[in-house]
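I opened this notebook page to record what I looked up in one chain of the structure. The entries are kept in the order in which I made them.

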Amino acid sequence: MFRYIVRRLLQMILTFFGATFVVFALMFANQDDPIQALAGEKPVSDSVRAVLTERYHLDESFLVQYWYYMKGLLTGDLGQSMTGRDISEMLGGAWPVTMRLALLAALIAALIAIAAGVWSAMRRGGFFDNGTLLTTLLLLALPVVVLAPVAQLIFAMELRWFPATTTKDANLYELLLPALVLATTVVATQLRVTRTSVVENLRADYVRTARAKGLSPRRVTWVHVLRNSLIPVITLIGVDLGALMSAAIVTEDVFNIPGVGFNLARGVRTEDGPVVVGFVSVLVIVFLVVNLVVDLLYAALDPRIRYE
Amino acid sequence: MSETSLAGHAWADLRRNKIFWASAALVALVLLMAVFPSLFTSADPGVCALANRNKGPAVGSWFGYDFQGCDVFARTVYGTRNSIVVGLLSTLLAGVLGLIVGLAAGYFGGVVDAVLSRLTDIMLGVPILLAAVVFSGRLSSPGGDNVTAVTITLGVLSWTAAARVMRSAVITAKSQDYVAAARMLGAGPARLMFRHILPNSVASYIVVVTILLGTNIAAEATLSYLGVGLGGDAISWGRQIAEAQDYARIVAHPLAWPAAFLAATVLAFIMLGDAIRDAFDPKLR
């Protein structure tokens, strides 16, 4: 187990450097003249140019600049946006908002997926099963870019059940519609995996044993089968966190939620390179750490899985 | 292809599947719309009159007009081509990359596998949408339609799933008896790879690639929505949705139609992938 953790950590560090290198290289290739971009149409005097070049190490080579970027990233200093705001500060303000939204979405998705997944696995081929299969197919086909504006239009503007936009201090009710939209991006896969997994486990020997012992069907399903079926689902929930982060860009933009995705979308629109790279780098770290935790959880949940 | 081959069985299965025919028909319709948009509408998507601003459906204009007085139906129909071109070409690129990486990693193993698997991890670690955002900013030229840029962006970033699936299928196929037999008969690495291993490990890869087609079409719309996708005069469902959303409070129909077309197209490809998967692997049903 220990060796496995060490190997996984080493792999993660390698992946981390690789991914941030790709992101940085993309931004490096993307800049023509950042100082001119900062000044807009106005001419930049030579002395100002010299100071800025010095401050941002613009005359250094690519690798040296990458070194400064990594140093900043690892010490929590993400630099400044084009508008002069501290990116770490922006991230600090945006992070809790997105975290609340993503967790609420993940919770909604998991509850629906597990309940409906188990239910349709128990009645395989029945009306409910076929209904959920069809629904998941529809959900898979609806990209957030369609779902978010349409849901906002129908439920917020026409029916007025929810507010159309929210603020930084949104309460649960205000976040509910965006969280539902976000949840739909992951619920379909989770539901299908739950269903498949439960169907497989229902045939397992230990289920027959449990039934033969005289345990109630409810206990067999919800304790014995579910516990063993949830292992792949939990992995998926972890991986889905990355998908949620991506989907949050559009969702937060549509519902005006000032989270990570909202800032990122605005950074993209205003061509604010440092903001985009800073936010993306941090998201990459979150993604990698979550995946590592999920992998380790695997071992804790299923003693049959052995690492060597 | 003999009657008893995997593909033969799958095809026999597919022919009886109603969902397969429904999605195939939908795909065919969308493809026809992409190639010959003028078959479906006589209106010119570029001709807009502000006098028609936000007008509802009328004779000759089934879906009404958007905020600039453009015909929503014509624009939606003509938008199909860009979505399909970007979707198909980026999936082709991703498919080829995924096939090569997966086949090489699975067949050669060892150092090659380690390097390629880490590369896949790295690309998987770069969230596709986020990286595409940075990427398409560079490859696009101001004022251009960016079709090439978006295609390359999506293609280069979306091959990871195909590569992983291909790799594990190749590893399974490699240790089968028929491969050992072929090797003993003196088949070289190229013949082993392409004649024996590839045909037997390509099933789940095809499924992943079909579904990727739907995903990439949706991704193009998302990028266009965020303003880093198609630009210039290019008509795209994503751009239509983004523009219509600003006016959705006043009129809803310019938002509804491109959204419906996009959803139907993605649905068709995902259903097609689902049907093919069921045909190739009945266990997963």
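The entries below concern a predicted model.

**Entry 1: overall make-up.** I began with the secondary structure of chain B and found twelve helices and zero strands. Read from the N terminus, the elements run α-α-α-α-α-α-α-α-α-α-α-α. I then looked up burial: of the 285 residues in chain B, 50% are buried. I also checked the contacts between residues at least 6 apart in sequence, and 70% of these join residues at least 24 apart.

**Entry 2: a single residue.** I next turned to B:Thr91, which is located in helix H3 (residues 72–108) of chain B. Is B:Thr91 buried or exposed? I recorded B:Thr91 as buried, because 27 other C-beta atoms lie within 10 Å, and the cut-off for a buried residue is 20 or more. Setting aside neighbours within four places in sequence, I listed the contacts of B:Thr91 as B:Val209, B:Leu212, B:Leu213 and B:Asn216. I also noted a separation of 27 Å between the C-alpha atoms of B:Thr91 and B:Ala256, which stand 165 residues apart along the chain.

**Entry 3: a pair of helices.** I then examined H10 (residues 203–226) and H11 (residues 237–246) of chain B, whose axes come within 7 Å and cross at roughly 40 degrees. On the H10(B) side, the contact is made by B:Glu220, B:Ala221, B:Thr222, B:Leu223, B:Ser224 and B:Tyr225. H11(B) contributes B:Trp237, B:Gly238, B:Arg239, B:Ile241 and B:Ala242. I classified the residues of this contact as six nonpolar, three polar and two charged.

Technical notes: Residues are numbered from 1 along each chain as its sequence is written. Chains are lettered from A and ligands numbered from 1 in the order in which they are written. This is a predicted model: local features need pLDDT of at least 70, side-chain atom pairs count only at pLDDT 80 or more; totals for chains, interfaces and linings use all residues. Axes are lines fitted to C-alpha atoms, for helices over the stretch in contact, and angles run from 0 to 180 degrees between N-to-C directions. Helices (H or I, at least four residues) and strands (E, at least two) are DSSP runs, numbered from the N terminus. Two residues are in contact if their C-beta atoms, placed from the backbone, lie within 7 Å. Ala, Val, Leu, Ile, Met, Phe, Trp, Tyr, Cys and Pro count as nonpolar, Asp, Glu, Lys and Arg as charged, and the others, Gly among them, as polar. A residue is buried if 20 or more other C-beta atoms lie within 10 Å of its own, exposed if 12 or fewer, and partly exposed in between; C-beta atoms are placed from the backbone.
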